[in-house]
Amino acid sequence: MSAAAANVEVTEEKPSVSGTSDKVKFATKTALSLTLAYLIPMALGWAQPQTAAITVMLIAATGSLSESLQKGVLRTLGTIAGAVIGLSLIALFPQDRLLYLCAISIFVLITLYLYNAYQGDSTIFMLTMVVGLMVFNGGDAEGAFIYGIDRTLLTTFGVLVYSLVGSFLWPVKVADNTERLASAVSAEFGQVGKLLIGGAEPENRQEQETEALENLLERLTEFRSHYVTVKGNADSIQAYQAEWDTILSCFGKLESSLIPALRGGDAATVGFDQYIDNYPAVLANLTDLLDAVQASWQGDAAGTPSNPLASRYDHAALQQQDHLTIAAVVCQGELLNELQQLLWQLHGAIISLRFDRGSFQRETETYSTASFIWFDRENLKTALRGFFTFWLATFIWIQFNPPGGFMFVTLCTALIPLVSYTPVSPKLLIFLFTFGFVFAVPAYVFLLPGMTHWLELAVFLFGYAFLGFLLFPGPVAIFFLLGLFTLGIQNTMQYNFNVILLIILMFYMVCALLIISVHFPFTSKPQLLYLNFRTRFFQLCTKIIRSGPPRTYWERTVSQLRITAATSLLAKMNQWGAAIDNSYFPDNPAEKVVDFNHSCEILLARLRVLAGPNSHYVDNPLIKRATEGTASRPAATLCATLATNDDGVIIEQAFAKVRADLLSIEDQLNDYLGAHSEEKSSDHYDSRETAVFYVYINLQASILKSIDHCRVSLLALNWRQLRETKF
């Protein structure tokens, strides 16, 4: 599922960034939009005014506000596209209901998949699908065109009201919020960087590292999701694209460098100051750069940090050490050089963004974020689940004509992406529906009949909507607010308690059908999903390792797709691992699941380095020779073992065999580098090629170390207990 539907989208108005006041402002704006979208059509005498209000509810729960009207234009285009497609299908099959239903079900399948695959504001796809379904007048071809036009106009009106209110009432400053989120990421990088260079107490270093990494990954995810949402429709971002591209690229490279280094543990076993002459000065310069980056976000442009300081190796001391120690030292030196260079570039981009305004020249490649994730299984399953739900609801509509008519089918289908592979469980669904009805039914009996002025109705609508968006986050608010639409508010009210009971029955029927859809035809049990994600994650890791550093454009594309898929799987492992009920699975406590997820995060961070744009690895003749004929790499073999086995004996045997094979690695390096030094009469410790080769060797060793950490945390869990669940 997309960032917009994971399903609490990280958007620019998300209250967790700025506190409760932003949450109140968001609830106020959306409640006002919904009230206006309801009352203005009523005042103008338009039919079905609730259509505009439902549109506001859907956008507010699954979309976001912006500082411009561009999103409103795009959502309007989505509305028109849905109407055109829906009416075209009606025109093509005016007398053949079955063919129409087949065509519209394929339309639902495609739009649901696009809604989940798109990583930006996917509201346009939701509106396209909903309007395409809503223009169908219950199978009555006569008058369908006028009915569809009315629905389209009201939906468009709801989009415009929401966009205008969001633009003029507490307008969201996308650039300010983006800078605030980026500053938070920089602060977390500063914490991680200072831990790396020795800023933690030895007795609680591991706890500090774990907390720092968790905070960093959370802030990075929040910033990237936000940036994907706003980058294409915020003028203030597009005007300084070079700066933001550099910031995003530096963040990605810092993540790939810092996270593996922090968990590498080499500092505890290797005294780098013995082999790097200016090691203290380099660390001090790195600390100054970390502080300067954070100060630049706060508006301090007075102090200019020192230029990056290159590490100077003590070659005489290194010649006395084994090759693996040399690799660790060279890797640390190159890491410090790279971190300084990245922080220098990051500082320059921030200063240009905050002060120079547009004079910045990009010095690093663009960090690209995919607009769509095409081959995600859960996205495809959600689309198929929506397809299945559409036909099941249609069968019920044809055979039993439930309350609401075809609206029953529309609601069942439209709500699928909000409950499929999301934290919205069936129990929560029933609770929210009931909670909404507890407010709606007394209002229908005691409040609405006594209202004689439109202001009274406005206060009621505003209060109901405000309460929903204040109490419940994102898509969850929809299920509470649906109680508002059971009231059938019109200019001319005809109170009939039987009618409202039938409408409530329809919503409970929708709820019951969604409960079936969530568990069929694909399971949503957290423990089974977690098992599946773990297998797929290590299968992807196996493929990434076997491919090695990408050489061609095709290899880079495939490698990036695999990294993106593995990142998505890791996010799902974090989500669904936390949802496993420890009372049913006592051998799998939450802390062990979290530890396993952290081990996988470190492995993936190292694989990002391996699969990244590493031309210095690909072009290095030493690495080329060393990797010839090594398609069956030991690390890939171990990942394949972890993907398919739970038996500790089998896993330990596989790891023991690899350890035995690696015992001779020092002799192999001596022979290989000795032969190389005979061919090239140069000091190989001064050679850039040999330095990169040592960095590559250290990367391979760190990947093996990460896989071993995954082994330990994997064996601490009882996977058989998860797999053999009977409920």
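Analyst: Let us begin with a definition: the rings of Phe, Tyr and Trp (its six-membered ring) pair if their centres lie within 6.5 Å, and planes under 30 degrees apart count as stacked, over 60 as edge-to-face and the rest as tilted. What you see is a predicted model, in which local features need pLDDT of at least 70 and side-chain atom pairs count only at pLDDT 80 or more, whereas totals for chains, interfaces and linings use all residues. Residues are numbered from 1 along each chain as its sequence is written, and side-chain values use heavy atoms, with hydrogens and water left out.

User: How many aromatic pairs does the structure hold, and how are the rings of Y118 and F125 arranged?

Analyst: A pair of aromatic rings is described by the distance of the centres and the angle of the planes. There are 34 aromatic pairs in this structure. In the case of Y118 and F125, the ring centres are 5.8 Å apart and the planes stand at 75 degrees, so this pair is edge-to-face. Y118 is partly exposed at 23%, while F125 is buried at 17%. F390 and W391 also make an edge-to-face pair, with 5.7 Å from centre to centre and 85 degrees between the planes. Here F390 is buried, with a relative accessible area of 0%, and W391 is partly exposed at 27%.

User: Which residues form one aromatic cluster, and which residue lies over the face of W719?

Analyst: One aromatic cluster is formed by F431, F435, F439, F460, Y464, F472 and F480. For the second part, a charge sits over a ring if NZ of Lys or CZ of Arg is within 6 Å of the ring centre and within 35 degrees of the ring normal. R534 lies over the face of W719, at 4.5 Å from the ring centre, and R711 lies over the face of F655, at 5.4 Å from the ring centre.

User: How many helices and strands does the protein chain have, and at what angle do α16 and α17 pack?

Analyst: Helices (H or I, at least four residues) and strands (E, at least two) are DSSP runs, numbered from the N terminus. The protein chain has 32 helices and zero strands. To compare helices, axes are fitted as lines to C-alpha atoms, for helices over the stretch in contact, and angles run from 0 to 180 degrees between N-to-C directions. Helix α16 (residues 377-400) and helix α17 (residues 406-414) pack at about 160 degrees, with their axes 9 Å apart. The two are therefore roughly antiparallel, a word that applies over 145 degrees, while under 35 counts as roughly parallel, 65 to 115 as roughly perpendicular and the rest as oblique. Their crossing is right-handed, since a crossing is right-handed if the near helix is turned clockwise from the far one by less than a right angle, and left-handed if anticlockwise.

User: Which residues of α16 and α17 meet, and at what angle does α6 pack with α17?

Analyst: Contact means heavy atoms within 4.5 Å. From α16, the residues G386, T389, F390, A393, T394, I396 and W397 meet F406, F408, V409, C412 and T413 of α17. Helix α6 (residues 123-134) packs with α17 at about 165 degrees, the axes being 10 Å apart. That makes α6 roughly antiparallel to α17, and the crossing is right-handed. On the α6 side the contact is made by M126, M129, V130, L133 and M134, and on the α17 side by F406, T410, T413 and A414.

User: Where is N401 found, and is Y421 buried or exposed?

Analyst: N401 is found in the loop between α16 and α17, and its phi is positive, about 45 degrees, although it is not a glycine. N401 is exposed, with a relative accessible area of 55%. Y421, in the loop between α18 (416-419) and α19 (426-447), likewise has a positive phi, of about 55 degrees, without being a glycine. Y421 counts as buried, at 7% relative accessibility. Another backbone feature is the cis peptide bond from F520 to P521, with omega near 5 degrees; P521 is found in the loop between α22 (497-519) and α23 (526-547).

User: Which residues is L283 in contact with, leaving aside its neighbours within four places in sequence?

Analyst: With those neighbours left aside, L283 is in contact with I197 and L336. L283 and L336 are 53 residues apart in sequence and 7.8 Å apart in space, C-alpha to C-alpha. L283 is found in helix α13 (residues 279-297) and is buried at 15%.

Key
Buried < 20%, exposed > 50% of the residue type's maximum accessible area, 1.4 Å probe, protein only.
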